[in-house]
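Please load the model in your viewer and keep the selection panel handy.

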Amino acid sequence: MNINKYLDSTYLKTPEQAGISNSDTLDLVHELAQEAIDNSIYAVMIRPDYVRSVRELLNTKKSDVILGTVIGFPEGSFDLNEKLREAQRAIADGADELDFVINYEAFKKGNIETVKEEVETATSIVLREGKIIKWIIETAALTDQQIIQVTQLIRDIVLEKIGEENAEKVFVKSSTGFYVTPNGEPNGANEHVIKLMLENAGPLPVKASGGVKSKEEAEKMISLGVQRIGTSSALAIVKGNTTKEGY
């Protein structure tokens, strides 16, 4: 199994969250990109502010590492127009893939039309630009039934409005990795929620994200059927190590 081709090597902390400067953060994301180049890791996933700089680095290195970013992160409750502006800037700056946090709070409140409009509009725009889109549903904030419902909602919108021929370009993704759970409970990918997503997303692919920190955990996710894994432990996973840090 070539585990590298499944991995999105991720750094999504703001300078404030990490307690470092913006310049130090830029150094970290450049280091992340270089590690991906050196270890044939499929993609890097970073904040929108750093996309242009990392795109320049990847181009200079003539690298085919995929460049991803996050939109509406991590709350997901941003206005649709705000998310679209952020996405269009990221595309202009050179992002290949955009991971949108779905407005899961609107979904939980029953504002289904708001969520439908967001998914259809953003997916259409991103695909029209020739990019990949992933919808982060934040499983730790949802019940099992809500995970099933929102996964089916995304699937149905894509099949009915976007077209089944585009299904492989629209992922359903488990987690931001930043959701604060009560009592320190897991806040991302685990076997139970990933199975729920896989059972209800098809033919859309699933990305497992949040809490995958070892090669064994990554291999388990792949064996379940996920096509991508988002982790800040990508290098450790590639080297067969385990880390307790990150998301």
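This tour visits the salt bridges of the structure. The model is predicted, so to speak of local features pLDDT of at least 70 is needed, and side-chain atom pairs count only at pLDDT 80 or more, while totals for chains, interfaces and linings use all residues. Residues are numbered from 1 along each chain as its sequence is written, and side-chain values use heavy atoms, with hydrogens and water left out.

How many salt bridges does the structure hold? There are 18, each being a side-chain nitrogen of Lys or Arg within 4 Å of a carboxyl oxygen of Asp or Glu.

**Stop one.** Select E118 and K83, whose side chains form a salt bridge at 2.6 Å, N to O. E118 sits in helix α6 (residues 112-128) and K83 in helix α4 (residues 80-93), so this pair ties together parts 35 residues apart in sequence. Helices here are DSSP runs (H or I, at least four residues), numbered from the N terminus. Both residues are buried; that means under 20% relative accessible area, with exposed over 50% and partly exposed in between (1.4 Å probe, protein chains only).

**Stop two.** Next, pick R155 and D156, a salt bridge with its closest N and O atoms 2.9 Å apart. R155 is buried at 19% relative accessible area, whereas D156 is partly exposed at 28%.

**Stop three.** Now show E191 and K220, where the closest N and O atoms of the salt bridge are 3.8 Å apart. Helix α8 (residues 191-201) holds E191 and helix α9 (residues 215-224) holds K220, so the pair links parts 29 residues apart in sequence. E191 is partly exposed at 33%, and K220 is partly exposed at 37%.

**Last stop.** Select D8, E97, D99, K134, K173, K207 and R228 together: salt bridges with shared partners join them into one network.

Technical notes: Helices (H or I, at least four residues) and strands (E, at least two) are DSSP runs, numbered from the N terminus.
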